[in-house]
Amino acid sequence: MIKNLSKKNSSLKILNLLTGRIAISKKVISVILFLFLLITVLFFSCANKSENQEQINSLKSIDYIKQIPGKDDSIPVKIAQKGKVLISYSDCFTCHKEDERSVGPAFKDIAKRYPANKAYIDYLAKKIITGGSRSWGYPVMTPHSELSMDDAKMMVTYILSIK
Ligand code: HEC
């Protein structure tokens with residue numbers, strides 16, 4: 001009788017051990033699964049990041065390539081000089097530099113992109129007055145509604161003269 005009981009006890013122990021093992025291995029499996037998921041998520045987020053970086057880089061290089069074809073008119077020197085003075089008295093240089101990008105595109109690059117003719121001088125003068133974004137992939141240019149169309153045109157004439 002006693003023998004029997006101890007036999008029962010030991011088989012119970014074995015059973016406990018077995019189920020314990022199973023429980024442990026379930027834990028191990030879920031930990032492994034979790035790690036696996038974590039690694040795949042990390043991997044994909046990193047891959048995404050470098051993709052984004054590539055997109056940003058290609059945007060940066062596109063900025064400077066997108067040259068608009070068109071003919072250049074001759075630029076009257078006096079008007080360009082007036083434009084330069086108007087620009088230095090306005091807030092333009094807080095966001096623009098002549099030959100390197102800053103908050104906005106470099107004036108030199110704007111000159112490279114647009115042909116210096118009446119149509120583009122009008123377009124750019126309007127854009128300076130109303131402000132805006134989207135042409136360069138930069139943030140927004142604030143509007144300059146206090147500027148007259150004539151002054152804005154002179155500014156653009158100066159900018160487009162820096163070829
Ligand atoms: C708050 C910053 C800021 C100020 C101040 C500013 N700009 Fe800009 N400017 C920008 C940004 C940003 C862009 C690019 C906008 C875009 O991507 O369309 C830009 C674009 C331009 C362009 C090109 C527009 C086009 O469509 O290609 C011209 C020309 C220009 N600015 C002239 C001026 C002049 C002249 C002044 C001064 C009266 C001035 N900006 C003041 C930020 C500024």
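Two residues are taken to be in contact if their C-beta atoms, placed from the backbone, lie within 7 Å. Among contacts in the protein between residues at least 6 apart in sequence, those joining residues at least 24 apart make up 68%. The model is predicted: local features need pLDDT of at least 70, side-chain atom pairs count only at pLDDT 80 or more, and totals for chains, interfaces and linings use all residues. Residues are numbered from 1 along each chain as its sequence is written.

The protein has five helices and zero strands, where helices (H or I, at least four residues) and strands (E, at least two) are DSSP runs numbered from the N terminus. Of the 163 residues, 14% are buried; a residue is buried if 20 or more other C-beta atoms, placed from the backbone, lie within 10 Å of its own.

Helix 5 covers residues 149-161, and its end C-alpha atoms are 18 Å apart, in agreement with the 18 Å that its 13 residues should span at 1.5 Å a residue. The expected span is 1.5 Å times one less than the number of residues. Ten of the 13 residues of helix 5 are buried, so this helix is largely enclosed by the rest of the structure. Among the ten are Asp151, Lys153, Tyr158 and Leu160. The cover over the buried residues of helix 5 includes helix 2 (77-89), helix 3 (107-113) and helix 4 (118-130).

The ligand is surrounded by 28 residues, the closest being Cys92, Cys95, Gly104, Trp136 and Met141; a residue counts as near if its C-beta atom, placed from the backbone, lies within 6 Å of the molecule. Helix 4 and helix 5 each supply at least two residues of this shell.

Technical notes: A residue is buried if 20 or more other C-beta atoms lie within 10 Å of its own, exposed if 12 or fewer, and partly exposed in between; C-beta atoms are placed from the backbone.
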